[in-house]
Amino acid sequence: MVDGEPRPWLPSPSPAMDEITFKSDTVLSDVHLHTPNQRHLMVRLSGVGQPVFLSQFKLLWNQASQTDSGAEGGNHRAHHAEVTSPARSSCSSEGVSLQAGADATSQEGMAAQLDEDGDLDVVRRPRAASPSKPLGPPRDKVWRGALFLADYILSQRDLFQGRTVLELGAGTGLASILAATVAQTVYCTDVGADLLAMCQRNIALNSHLTAAGGGVIKVKELDWLKDDLCTDPEVPFSWSEEDISDLYGHTTILLAAEVFYDDDLTDALFKTLSRLAHRLKNASTAILSVEKRLNFTLRHLEVTCEAYDHFRSCLRRLEELTGGRLRFAVEPVDASFPQLLVYERIQQLELWKVFVEPVTEPIVSADTAS
């Protein structure tokens, strides 16, 4: 200070050691950190510089109110979900929301909060605050593509009835849990012990949904950058020989949502899809959820959709594969299925189905052969 006045030219204090700083060439689109010192918002960066968040949620769902999938004009009543630490909340029975807060009663009837991009903004229960350092309600990000896929599962329950399902890049496990309400077995997979442990906790929090139908969710590690599944019993979330046999012998549906933001990971996912398809004993269908994101790039000096364009090129290459024992057919999913969760369903949200079937050799008669 000079004469009691602050020196404006002095450097500002260094950020605290626990503040999150991103240094990566990867565009971190749709990632918003509202209170960077709150550790529960992010636990680490992935291999491509993307943040890994941990979130817990509990779905409050009246199973009796669920109408048959595809019933036109049906009363699609609420499937309320709360994302908590966990905390309790109560909401209106009409509409569907993913929300929680410090005071459960104050949340009743509260409209869903969307951020500037239209993604669902979830108010988390704050940790205890001291008088000298009050804490506002921290928030987590729930990406639209995951909710879009969840909507599809809820509206097409017959498709998943009694099936064995594999989800790739499960994140919080939301899609796996919803699929398990009607599926027989769901393999909920991702990488990282912290992320998989969170999935396990979310499954336990929502066991009331899967108990009625007897669906089983198995949390396993599946690394897209490795050719084989981990079978080391000393490694958490590794695969048993029984699980591998069941996976390859019975899986007919594969799921993936919001995992197409990096070209290298997209390539790895499609390589994994192809590898799994060749090991599965049955014809299968992969359901992929993606958002066409617009980003300004210095390379082109214009707004582009590079990640989405790369995803579409991978779909085309997969469909053009010839000479193998499998045929891949790709088609978009009509997005007119009911919206049961509260988020902004923009036109850039897309679902794609990849049908995998064995190539049948034409039958050649003896006369034709001669």
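The following chat goes through a predicted model of one protein chain.

Me: What should I know before I start reading the numbers?
Reply: This is a predicted model, in which local features need pLDDT of at least 70, side-chain atom pairs count only at pLDDT 80 or more, and totals for chains, interfaces and linings use all residues. Residues are numbered from 1 along each chain as its sequence is written, and side-chain values use heavy atoms, with hydrogens and water left out.

Me: How many helices and strands does the protein chain have?
Reply: The protein chain has nine helices and 15 strands. These are DSSP runs numbered from the N terminus, with helices being H or I over at least four residues and strands being E over at least two.

Me: And how much of the chain is buried?
Reply: Of the 370 residues, 47% are buried. Buried means under 20% relative accessible area, exposed means over 50%, and partly exposed lies in between, using a 1.4 Å probe and protein chains only.

Me: What about contacts between residues at least 6 apart in sequence?
Reply: Among those contacts, 61% join residues at least 24 apart. A contact means heavy atoms within 4.5 Å.

Me: Now the sheet. In what order do the seven strands come?
Reply: The order is β9-β8-β7-β10-β11-β15-β14, in an open sheet with mixed pairing. Two strands pair if DSSP finds at least two bridges between them.

Me: Which are the edge strands?
Reply: They are β9 (216–221) and β14 (326–332), each of which pairs on one side only. From one strand to the next, the twist averages 20°. Angles run from 0 to 180 degrees between N-to-C directions, and axes are lines fitted to C-alpha atoms, for helices over the stretch in contact.

Me: How does β15 pair with β11 and β14?
Reply: With β11, β15 pairs in the antiparallel sense over eight bridges; in that pairing, L288 has W352 of β15 as its bridge partner. Seven bridges join β15 to β14, and these two strands also run antiparallel. There, L326 has P358 of β15 as its bridge partner.

Me: Why is β15 described as largely enclosed?
Reply: Seven of its 10 residues are buried, so β15 is largely enclosed by the rest of the structure.

Me: Which helices lie against these strands?
Reply: Helix α4 (residues 193–205) is one of them; it lies across β8 (185–190) and β9, running at about 170° to β9. Helix α6 (residues 241–250) packs on the sheet and touches β7 (164–168), β8, β9 and β10 (251–257). The direction of α6 makes about 95° with that of β10.

Me: Which residues line the largest cavity?
Reply: The lining consists of L254, L273, A277, S284, A286, L318, F328, V354 and V356.

Me: How do they divide into nonpolar, polar and charged?
Reply: Eight are nonpolar, one is polar and none is charged. Ala, Val, Leu, Ile, Met, Phe, Trp, Tyr, Cys and Pro count as nonpolar, Asp, Glu, Lys and Arg as charged, and the others, Gly among them, as polar.

Me: What does T285 touch?
Reply: T285, in strand β11, touches T252, I253, L254, K353, V354 and F355, not counting residues up to four places away in sequence. T285 is buried, with a relative accessible area of 18%.

Me: Last topic: where is F237, and what is its phi?
Reply: F237 is in the loop between β9 and α6, and its phi is near 65°, a positive value in a residue other than glycine. F237 is buried, with a relative accessible area of 19%.

Notes. 1 Å grid on protein atoms, 1.4 Å probe; cavity = no way out; pocket = protein on both sides within 12 Å on 5 of 7 lines; lining within 4 Å.
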